[in-house]
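Reader: Happy to have you here! Could you walk me through the packing in this model and the terms you use for it?

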Amino acid sequence: MSAAAGWMGILSAGWLTSRALSCLIQPKKKWWCRLGFLVLCAVLISTIIYIGDLVNLSLAMTVFLAGIWVVCEGSGWKKLSVGVMFSSAVSAFGGLSDNCIADVIYYGFGGAYIPHWVGRICFALLLYLVMRTHRLEQDFELSEALWKLILLLAVPPLGIVVSLVLLKPPYYQTGHTFIADGVVFLMVIFLFTGLLLALSVLEKQQKLEQESALAEHNRKYYEAMEQQQFEIRRLRHDLSNHLQVILSLAGDERERYIQGLLEHEAFTQVTSYCGDGAVNVVVTAKESLMRQRHIRFYVKMDIPKELPFEKADICGMLANALDNAAEGCQNLPEELREVQLEARAGKGIFAVSVKNPCMQKMDIEAGKLPKTTKKDGENHGLGLRSIQKTVQKYGGQMEIEQEEQRFHLFFYLPV
């Protein structure tokens with residue numbers, strides 16, 4: 001085999017390994033991070049690992065874990081946990097191939113030799129195909145406590161590989177024990193498969209919890225709107241009683257009583273912005289919120305009739321979008337506070353656009369939601385996720401962009 005074929009084999013194995021690893025963790029968008037990600041995977045998969053060799057495994061592990069920390073996205077605990085569990089599995093196969101499979105081929109087939117990169121390519125391809133079936137979402141992130149648990153479970157397999165390779169004397173001192181060593185290496189690969197399944201289960205559980213939280217989030221918005229309408233109906237029903245009380249009061253007391261009634265939320269007039277009642281209620285309520293926070297609120301509606309969506313979903317999408325826009329304005333000077341809402345329904349599409357000023361530069365990537373600026377990220381940032389889930393529910397699309405210090409949220413749903 002030529003040297004060129006060997007290098008091509010190593011690069012192919014490295015590329016397949018990087019594709020497999022990207023099912024768990026993503027490199028940063030910078031070109032050198034993507035290149036470094038590929039190089040790290042090529043180094044890890046191509047390292048020759050002989051039992052009793054103190055250099056190769058130690059150096060490859062150190063370079064790989066340090067590199068993953070630098071070039072990959074995600075929390076520190078995620079990068080450390082994924083790096084440890086992945087490197088232990090790849091190194092276990094390297095030890096299995098170089099010490100056990102190679103010996104079986106050599107002694108069983110009269111000194112036959114197969115280049116080490118052939119087995120690496122086969123393993124990397126198999127690893128990629130397996131991990132594709134358990135691919136995690138790009139923004140998948142467990143809590144810190146769960147990543148610590150995954151790391152705790154990933155350390156023993158790594159310890160087994162390190163102990164077997166670094167602490168055991170080489171074969172020429174102890175004789176050939178490749179069957180026992182092969183079983184140990186295979187056990188490490190089996191443990192990696194178990195950890196991969198555990199991550200897949202945790203992701204599904206987390207998605208169910210998020211969907212439940214988002215559904216509850218939308219339900220509360222809708223219940224608040226319904227409660228406001230109930231108060232209006234109740235107050236109108238009691239209007240005769242209030243009039244009798246007003247007639248019996250003296251001048252100053254009468255004025256105070258009337259003023260108190262007028263300030264009641266039930267007397268807030270629902271403005272008719274469009275032909276959908278739920279949209280009118282939400283926009284009226286948020287217009288009052290904008291006024292209280294001294295935010296200029298511009299509304300442009302073209303919705304001639306009732307929308308064919310669940311009322312809770314309509315309330316959740318619009319209320320979350322406008323709440324986020326109002327929150328984006330609250331720390332700005334009053335002269336800069338402004339929210340623009342446009343909504344149209346026609347030609348089979350319901351489209352909504354919300355714009356507000358945003359002085360802080362946000363890291364917005366295609367297909368990903370911007371990170372919340374609040375410290376408690378687990379309990380905040382539900383608004384955009386709620387909108388995204390509802391939009392996906394109806395087969396629509398959502399886009400987020402920032403241009404000229406303005407935040408723009410746009411989403412549409414097929415009607």
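Author: Gladly. A nonpolar core is a set of buried Ala, Val, Leu, Ile, Met, Phe, Trp, Tyr and Cys residues joined through side-chain atoms within 4.5 Å, where buried means under 20% relative accessible area, exposed over 50% and partly exposed in between, with a 1.4 Å probe and protein chains only. The model is predicted, with local features needing pLDDT of at least 70 and side-chain atom pairs pLDDT 80 or more, while totals for chains, interfaces and linings use all residues. Residues are numbered from 1 along each chain as its sequence is written, and side-chain values use heavy atoms, leaving out hydrogens and water.

Reader: Which residues touch the most other members of the largest nonpolar core?

Author: In this core of 52 residues, they are L21, F37, F86, L127, M131, F185 and L199. Among the elements giving two or more residues are α1 (3-21) and α8 (178-237); α4 gives the most, with 10. Helices here are DSSP runs (H or I, at least four residues; strands are E, at least two), numbered from the N terminus.

Reader: What is F86 in contact with, beyond its neighbours within four places in sequence?

Author: With contact meaning heavy atoms within 4.5 Å, F86 meets T17, A20, L21, L44, F64, L127, M131 and F192.

Reader: Why is α11 called roughly parallel to α12?

Author: The axes, lines fitted to C-alpha atoms over the stretch in contact, have angles running from 0 to 180 degrees between N-to-C directions. Those of α11 (residues 277-292) and α12 (residues 311-329) cross at roughly 20 degrees and come within 9 Å. Angles under 35 degrees count as roughly parallel, over 145 as roughly antiparallel, 65 to 115 as roughly perpendicular and the rest as oblique, so α11 is roughly parallel to α12.
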